Amino acid sequence: MGSKSNLPRSGFGKGDSIAMEVTRLSNCNTVKELDFEAHHRIELTLSSEPKKKVFKPCDIKYTDYTPCQEQDRAMSFPRENMIYRERHCPPVNEKLHCLIPAPKGYMPPFPWPKGRDYVHYANVPYKSLTVEKANQHWVEFQGNVFRFPGGGTMFPQGADAYIDELSSVIPIADGSIRTALDTGCGVASWGAYLFSRNVLAMSFAPRDNHEAQIQFALERGVPAIIGVLGSIRLPYPSRAFDMAQCSRCLIPWTSNDGIYLMEVDRVLRPGGYWILSGPPINWKTYYQTWKRTKEDLNAEQKKIEELAEKLCWEKKYEKGDIAIWRKKDNDKSCNRKNTAKMCEPNDSEDVWYQKMDTCITPFPEVSSDEEVAGGKLEKFPARLFAVPPRISNGLIPDVTAESFEEDNKIWRKHVDVYKRVNNLIGSPRYRNIMDMNANLGGFAAAVHSKNSWVMNVVPTISKNTLGAIYERGLVGMYHDWCEGFSTYPRTYDFIHGSDVFDLYENTCNIEDILLEMDRILRPEGIVILRDGVDVLNKVKIMAAGMRWDVKLMDDEDGPLVPKKIMVAVKQYWVVSSSSSSSSSPQKNNNSTSSDE
């Protein structure tokens, strides 16, 4: 096409000048000759003499496979309360034991901040949103890329203008607001534009067959998961978010006795803000457009106002299409009737596959009217290394302020070593990062950069530390690594894990965890694991058969330390349109070839 040369190009590829040379570490078995650069256009065939078990590519129909949110399985569950859109994972005997292929023509995503606005069509080849939302400027198709102009159903002037209006009420600019939740996020433009305000937004939306909203969000470099407000609690701790919003998210807030708003209240921090833009706000203007009666919309808004008061939220703003409530700092001035059902205090953190209940999560107790329930947080970025209130208040067993400080010191040391192994860590090369066993968030804090974000995963079988991670101004979720993660394939650039395989060795199949890591890791993405030497040797053998280039090295404190470090790079390969599960993938090495 004649216009092709004018379109944005990926910042990482064959023409890129960045060269990666792995540094020799003293007193270590060094990692040598791993190539961390992207060379996505070169294709070779596989070696015909694999020494290890070689995992074959899955059929091309699995290119966008999401094991726990597959459409066929979902349709066998009730539609009531969106149950069919919740997680429904395959039984062990139905798990895939093959490698999910990238689509033909796959390219590394554009580096941030260009990636906020552009996505390669080959990576997410779904155009339905460009038609369905054409007049709302969600996404446009141009040549061989999608462009995201920053529009949205409820912010026709663009996400920046919308955030500016919110900032007239909410202290977004001064670091008080750091973590945000976008319910039913679309393509996550709100979260994408909050990055420049130093706010980290977690977005979720259900899996759909054609619109691929969450796939677009992650391809742009925005934190997001496949999820829905249905019958199960959200995979976040209580008091996690400084701000939450519904921008025409179409969640029926008044249904089921207000259970969905009660769940938002559970994860909203005391002093936090809830934004509602869209029905029923400004119903007098839109009732005909929405094809609803004035009486119906008026009753719905009145019910939301009553629920908000019951939750101890105070309305701060309503103008045009936007209404904003602020959750009070504590319950001393709540205007609650004795009939309000309160949840059991200890139940608010038990969320994995737990049913939501029509009860209100109680505020933590305070001793004065001015005290912030649960503890006052520092403004960000001071919040990142301040002792989280959950730790200073003794709510996490065996963790003290001193052990928290020591953990930070250890992770700074570890990450310094990682950066010597791969000096692209911290650059836009690795935008979407995951820590599979986040503990106190020390890795994420040490690797913190304006170029990246970290999904801090707290395994459901480990100590519950996720609340403290959020109090640091980081984001994450609970997950069980015996199951598939709530994301699309190829959504993370860098996966880190410490003690993951020791934790799960006797709980589920190591091979299943590795295959899931491969599913969500982008071609030419990296993996760094710290674990016991015995389990890492098993992992290394399996990973070599998954088309990962793998090296083991000693801990930075020397060969006598029983834990080792594994560094891996996932090779680039795609399956052609004529391929099936038995065909050889197209693969990449460090050779050069002409542009397509």
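Rings of Phe, Tyr and Trp (its six-membered ring) pair if their centres lie within 6.5 Å; planes under 30 degrees apart count as stacked, over 60 as edge-to-face and the rest as tilted. With that rule in mind, select Tyr 121, Phe 141, Phe 146, Phe 148 and Phe 216, which form one aromatic cluster.

The model on display is predicted: local features need pLDDT of at least 70, side-chain atom pairs count only at pLDDT 80 or more, and totals for chains, interfaces and linings use all residues. Residues are numbered from 1 along each chain as its sequence is written, and side-chain values use heavy atoms, with hydrogens and water left out.

**Aromatic pairs**

The count of aromatic pairs comes to 22. Select Trp 253 and Trp 274: the ring centres are 5.3 Å apart and the planes stand at 80°, so this pair is edge-to-face. Trp 253 lies in the loop between strand S7 (241-247) and helix H7 (259-267), and Trp 274 belongs to strand S8 (residues 268-277), 21 residues apart. Helices (H or I, at least four residues) and strands (E, at least two) are DSSP runs, numbered from the N terminus. Trp 253 is buried, at a relative accessible area of 1%, and Trp 274 is buried with a value of 1%. Here buried means under 20% relative accessible area, exposed over 50%, and partly exposed in between (1.4 Å probe, protein chains only).

Next, select Tyr 418 and Phe 443, whose ring centres are 6.4 Å apart with planes at 55°, so the pair is tilted. Tyr 418 is in helix H11 and Phe 443 in helix H12 (residues 442-446), 25 residues apart. Tyr 418 is buried at 2% relative accessibility, and Phe 443 is buried at 1%.

Move to strand S5 (residues 200-205), where six of the six residues are buried. Which residues point one way from S5, and which the other way? Leu 200, Met 202 and Phe 204 point one way, while Ala 201, Ser 203 and Ala 205 point the other way.

Two strands pair if DSSP finds at least two bridges between them. From S4 the chain crosses through helix H5 (residues 189-194) to S5, a right-handed β-α-β crossover. Right-handed means that, with the strands pointing away from the viewer, the path from the first strand over the helix to the second runs clockwise. Within these strands, Asp 182 stands opposite Ser 203 in S5. Strand S6 (residues 224-226) is also parallel to S5, with three bridges joining them; Ser 203 stands opposite Ala 224 in S6.

**The seven-stranded sheet**

Select the seven strands that form an open sheet of mixed pairing, in the order S13-S12-S11-S14-S15-S17-S16. S13 and strand S16 (548-554) stand at the edges with a single partner strand each, so one side of each is left without a neighbour in the sheet. The twist averages 15° from one strand to the next. Axes are lines fitted to C-alpha atoms, for helices over the stretch in contact, and angles run from 0 to 180 degrees between N-to-C directions.

S16 and S17 run antiparallel and are joined by seven bridges; Asp 554 stands opposite Lys 564 in S17. Helix H11 (residues 401-421) packs on the sheet, touching S14, strand S15 (521-532), S16 and S17, and its direction makes about 135° with that of S15. Helix H16 (residues 533-544) packs on the sheet as well, touching S15, S16 and S17, at about 160° to the direction of S15. Contact means heavy atoms within 4.5 Å.

**Salt bridges**

How many salt bridges does the structure hold? There are 35, each being a side-chain nitrogen of Lys or Arg within 4 Å of a carboxyl oxygen of Asp or Glu.

Select Arg 87 and Glu 483, whose side chains meet in a salt bridge (2.8 Å, N to O). Arg 87 lies in the loop between helix H1 (71-74) and helix H2 (114-117) and Glu 483 in the loop between strand S13 (475-479) and strand S14 (492-498), so the pair ties together parts that are 396 residues apart in sequence. Arg 87 is buried, with a relative accessible area of 15%.

Turn next to Asp 499 and Lys 563, which also meet in a salt bridge (2.8 Å, N to O). Asp 499 is in the loop between S14 and helix H14 (500-504), and Lys 563 is in strand S17 (residues 563-570), 64 residues apart. Asp 499 is partly exposed at 21%, and Lys 563 is partly exposed at 34%.

Finally, select Asp 160, Asp 164 and Arg 197, which are linked in a network of salt bridges.
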